[in-house]
Amino acid sequence: FNELLRDLMPDPQGQLLLVAGVHLRRLVHLFDTCPLNPSAAEKREMRRSGVEFLLAARRGGMPSVPKCHQLLHMLFEQLDLHGNPRFYSNFLDEGLNKDLSGVAAKAYSSVWAARIFIAWAKLRPSRPRGIVIPEYG
């Protein structure tokens, strides 16, 4: 594999990023195919793939981002408590926490729920169908 990698991509940084992608693909495959409660061997493989991805990506020049931190929590804390993250976690929604905390910080406690819905509707106008935001004056 290493010889093929050197032939296809002579740049060492690119090689590291390609290796990171291979490990990430393996991790996602494990998330997709493992049951809610993975075996000890499956958990070990998830953790190994995740750590190898993070190490290769970092060495390849990818900056550490909050999603990397979230991945570590999923693999080393939540995996034993809640099982396979595919059944409970959503990477796309994690970025919304910052927006939600900013909206919540500006809401008075007596009208907190209504204020959150109103501000959220203004902040995120394209929401999934079926979610109804109440209108308050």
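A residue is called buried when its relative accessible area is under 20%, exposed when it is over 50%, and partly exposed in between (1.4 Å probe, protein chains only). By this scale Arg86, at 42% relative accessibility, counts as partly exposed. The structure is a predicted model, in which local features need pLDDT of at least 70 and side-chain atom pairs count only at pLDDT 80 or more, while totals for chains, interfaces and linings use all residues. Residues are numbered from 1 along each chain as its sequence is written, and side-chain values use heavy atoms, with hydrogens and water left out.

The predictor's confidence in each residue is expressed as pLDDT, from 0 to 100. The protein chain has a mean pLDDT of 80, with 72% of its residues at 70 or more. Among its elements, the highest mean, 96, belongs to helix α3 (residues 40-59), and the lowest, 58, to α5. Helices (H or I, at least four residues) are DSSP runs, numbered from the N terminus.

Helix α2 comprises the 22 residues 12-33, and its end C-alpha atoms are 32 Å apart, in agreement with the 32 Å that should be spanned at 1.5 Å a residue; the expected span is 1.5 Å times one less than the number of residues. The buried residues of α2 include Gly14, Val19, His23, Leu27 and Phe31.

Salt bridges, defined by a side-chain nitrogen of Lys or Arg within 4 Å of a carboxyl oxygen of Asp or Glu, number five by this rule. In one of them the side chains of Arg86 and Asp32 meet at 2.7 Å, N to O; this pair links distant parts of the chain, since Arg86 is in the loop between α4 and α5 and Asp32 is in helix α2, 54 residues apart. Asp32 is likewise partly exposed, at 49% relative accessibility.

Asp80, which is partly exposed with a relative accessible area of 47%, forms a salt bridge with Lys43, the closest N and O atoms being 3.2 Å apart. Because Asp80 lies in helix α4 and Lys43 in helix α3, this pair ties together parts that are 37 residues apart in sequence. Lys43 counts as buried, at 17% relative accessibility. At 18% relative accessibility, Arg47 counts as buried.

Terms used: Helix = DSSP H or I, 4+ residues; strand = E, 2+ residues; numbered from the N terminus.
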